[in-house]
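Please keep the sequence and the structure in view while reading the numbered points.

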Amino acid sequence: MCNYLGNKELLKRRKIGFLASRKISSSAILPTLDWAVEISKQSDVAVVSGFHSRLEKDVLKFLLQGKCGIIVVLARGIYSKLPKVYEKAMNENRLLIIALEKDMVTRVSEYTAHR
């Protein structure tokens, strides 16, 4: 069962997956954020991630300010109310949120994240 919120046409774009561990080398942070700034300028791609770890959340901030598509794969049920941080990207048709869990699952757990 999948629930979608947003622009499903983003699935047709070239997709770039972004995953970052909770524990990362400090020397990896600045190059990763520089990458996020460059990718955010490309309107022909969509970045796919859960945006759960600290670095993933930091990258998301840059992506939301740009032009690229963003596909958020939630490790929980779909939002009952869209978080404000996503409103602009949603209004610009640059956002797709996918939830693989039932709507009653409202918190991310290690189990749902692994799924």
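Which element supplies the largest share of the lining of the second largest pocket? Point 6 returns to this matter.

1. Basis of the note. The model is predicted, so local features need pLDDT of at least 70 and side-chain atom pairs count only at pLDDT 80 or more, while totals for chains, interfaces and linings use all residues. Residues are numbered from 1 along each chain as its sequence is written, and side-chain values use heavy atoms, with hydrogens and water left out.

2. Overall plan. The chain contains four helices and five strands; helices (H or I, at least four residues) and strands (E, at least two) are DSSP runs, numbered from the N terminus. Their order from the N terminus is β-β-α-β-α-β-α-β-α. Of the 115 residues, 40% count as buried, where buried means under 20% relative accessible area, exposed over 50% and partly exposed in between, with a 1.4 Å probe and protein chains only. Contact means heavy atoms within 4.5 Å. Among contacts between residues at least 6 apart in sequence, 70% join residues at least 24 apart.

3. The parallel pairs. Two strands pair if DSSP finds at least two bridges between them. Strand β2 (residues 14-17) pairs with strand β3 (residues 45-49) in the parallel sense over four bridges. Within this pair, isoleucine 16 has valine 47 of β3 as its bridge partner. Between β2 and β3 the chain passes through helix α1 (residues 29-40), and this β-α-β crossover is right-handed; that is, with the strands pointing away from the viewer, the path from the first strand over the helix to the second runs clockwise. β3 also runs parallel to β4, joined by four bridges, with glycine 69 in β4 as the bridge partner of alanine 46. β3, α2 and β4 make a right-handed β-α-β unit.

4. Strands β4 and β5. Because five of its six residues are buried, β4 is largely enclosed by the rest of the structure. Five bridges join β4 to strand β5 (residues 95-99), and the two run parallel. In this pairing, valine 73 stands opposite isoleucine 98, and leucine 74 stands opposite alanine 99. β5 is mostly covered, with five of its five residues buried. Leu95, Ile97 and Ala99 point one way from β5, whereas Leu96 and Ile98 point the other way. Strand β1 (residues 3-6) pairs with β5 in the antiparallel sense over four bridges, and asparagine 3 stands opposite alanine 99.

5. A buried loop residue. Serine 53 lies in the loop between β3 and α2. Serine 53 counts as buried because its relative accessibility is 6%. Leaving aside residues up to four places away in sequence, serine 53 touches Ala20, Ser21 and Arg22.

6. The second largest pocket. A pocket is an open set of points on a 1 Å grid over the protein atoms alone where a 1.4 Å probe fits, with protein on both sides within 12 Å along at least five of seven lines; lining residues have an atom within 4 Å of a point. The second largest pocket has a volume of about 170 Å³, a volume being the space filled by probe spheres set on the points. Of its 13 lining residues, Gly50, Phe51, Lys57, Tyr79 and Tyr86 are the closest to its centre. α2 (54-64) and β4 (69-74) each supply at least two lining residues. To answer the opening question, the largest share of the lining, three residues, comes from α2.
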